[in-house]
Amino acid sequence: MIPGAHLPPLRAARALSARLCPSRHLYSDGSRNGGESPSDTVHINGDGVREGGEEVTGLDAGRFPREMLLRLPPPGGPPESDDDDGENFSPGHGPRRRFFEDVRLEADRIFRILLQDGPGFSARQALDEMRPKVSNALIREVLFRIVVSVDSVNRERYPKLAYKFFVWAGQQEGYRHNTSMYNVVMKVFAECGEVKAMWRLLEEMAEKGLPVSARTFHLLICSSGKVGLRRRLVERFIKLSTFRYRPFRNAFNAILHTLLTIEQYSLIEWVHEKMILEGHLPDILTYNIVMRAKYMLGKLDQFHRLLDEMGQNGFTPDLHTYNLLLHVLGKGDKPLAALNLLNYMSDVGCVPNVLHFTNLIDGLGRAGNLEACRYFFDEMVKKGCEPDVVSYTVMITSYVAAGEFEEAQRFFDDMLVRGQLPNVYTYNSMIGGLCTVGEFDKAFSMLKDMELHGCTPNFSVYSSLVSRLRNAGKDSQANNVIKYMTDKGHYLHLLSRFGGYKRC
DNA sequence: GTTCTTCCCA
């Protein structure tokens with residue numbers, strides 16, 4: 001990728017623009033074949049006026065780059081450092097490995113002891129006699145065993161066992177629980193729906209002066225179903241002097257980030273308002289998160305306002321901002337504006353990578369503009385970005401959604417040729433696509449195929465195949481699929497969802 | 001015997 005080597009607005013772009021804005025746009029008539037000075041090319045959507053009263057569904061292309069151009073540093077700014085001299089963790093040999101093997105064995109024994117606890121058997125006493133060497137690793141292993149085996153029958157008993165063990169461990173000589181260990185018990189409580197116990201645990205941490213972490217917050221917020229409770233939690237964490245929010249610069253960003261991972265967009269808005277009210281200044285991360293939330297909530301006006309405000313406050317968009325902008329432009333079916341933005345990014349030293357292209361293509365696919373998807377996919381390859389599984393899957397999914405299965409198939413074949421392994425998402429799309437063209441047998445064999453390639457189908461693959469077969473009146477084939485699934489021992493607990501199916 | 005989440009796509 002050579003910065004400054006622009007994506008060509010060529011014929012393809014002209015064709016795309018016809019879809020973008022039929023009435024007025026740069027390349028609409030052959031006579032004005034593109035004044036290509038930057039200031040011209042930003043006027044993709046005419047003069048920045050929104051189209052006739054229509055709800056603007058994408059980024060208003062006339063706005064963003066023009067204003068950004070005024071504020072952004074000149075080309076040749078700091079390039080995005082993409083150094084991934086990743087950490088080389090060795091899987092662990094020798095003593096380290098033995099340590100963990102021993103821990104696992106002890107954890108198994110302790111778990112069995114805990115299960116026997118009850119009238120006539122004191123787990124505490126048995127643990128005292130066993131005298132295991134208490135360490136964080138051991139406690140984590142034991143509690144992990146409890147977490148993964150929680151079910152509807154034991155969900156009342158297990159949290160008590162977990163806490164009993166936790167208390168016992170905390171009383172052992174030379175050992176003290178840290179935040180991380182509290183978080184693990186809290187995870188057990190969360191898994192069992194013991195919300196009150198989780199709050200008590202939080203109190204306990206406070207009493208002991210133990211710091212709480214983003215993980216603590218995450219567990220609690222996920223278990224707090226009511227809006228009021230969630231807000232109370234946020235307020236509490238913001239005020240908490242023991243809130244360890246590193247590596248974030250402030251507690252607000254740590255909270256916002258957590259809320260983003262659990263898709264709590266309205267809460268993000270609320271926290272943001274609170275943050276401003278309390279006089280805390282947002283940084284680029286804050287803007288990126290809040291803008292994403294606004295976009296997800298469909299509040300594009302506010303999205304734009306924030307983008308403007310961000311620039312006014314002297315913040316330069318980073319690669320995350322661009323990702324979001326590209327997705328918005330794609331979803332709003334504004335390929336030309338996207339093209340300009342991509343070129344602009346190269347100019348300012350933020351060279352688009354495979355993620356940027358994929359984000360854009362995903363948006364365009366959702367907008368149904370397959371022509372543009374194709375154009376940017378090709379450009380991505382030309383720019384030296386190797387398409388990965390996700391890029392291919394996005395293309396395949398878009399073609400399938402547009403009812404062009406043959407094209408999807410071509411991309412699927414192509415990815416195999418290029419050595420990209422399809423995964424569950426890819427297969428899911430392809431199987432769905434095969435169903436849409438009535439190739440049910442092929443769909444079923446692809447389902448078996450993915451298993452052979454070490455790719456376990458998820459339940460939604462099965463369920464969508466079954467319902468498509470049934471909708472096509474092919475009940476016996478649908479039953480074959482269900483039988484295949486049960487023979488594999490997959491998702492037996494979800495079998496009832498197929499309704500009416502009897503295992504023979 | 002240890003920190004653990006910077007935000008980005010299906």
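What share of the contacts in chain A with a separation of 6 or more is accounted for by residues 24 or more positions apart? In this predicted model, such residues account for 63% of those contacts, where contact means heavy atoms within 4.5 Å. Residues are numbered from 1 along each chain as its sequence is written, and side-chain values use heavy atoms, with hydrogens and water left out. Local features need pLDDT of at least 70, and side-chain atom pairs count only at pLDDT 80 or more, whereas totals for chains use all residues.

Chain A holds 25 helices and two strands, which are DSSP runs numbered from the N terminus (helices H or I, at least four residues; strands E, at least two). Of its 504 residues, 47% are buried, that is, under 20% relative accessible area with a 1.4 Å probe and protein chains only.

Over residues 353-387 the chain is 74% helix and 0% strand, with the end C-alpha atoms 10 Å apart.

Helix 18 (residues 354-366) packs against helix 19 (residues 370-382) at an angle of about 170 degrees, and their axes, lines fitted to C-alpha atoms over the stretch in contact, are 9 Å apart. Helix 18 is therefore roughly antiparallel to helix 19, a term used for angles over 145 degrees between N-to-C directions. Among the residues making this contact are Phe-357 and Leu-360 of helix 18 and Phe-376 and Met-380 of helix 19.

Technical notes. Chains are lettered from A and ligands numbered from 1 in the order in which they are written. Axes are lines fitted to C-alpha atoms, for helices over the stretch in contact, and angles run from 0 to 180 degrees between N-to-C directions. Angles under 35 degrees count as roughly parallel, over 145 as roughly antiparallel, 65 to 115 as roughly perpendicular and the rest as oblique. Buried means under 20% relative accessible area, exposed over 50%, partly exposed in between (1.4 Å probe, protein chains only).
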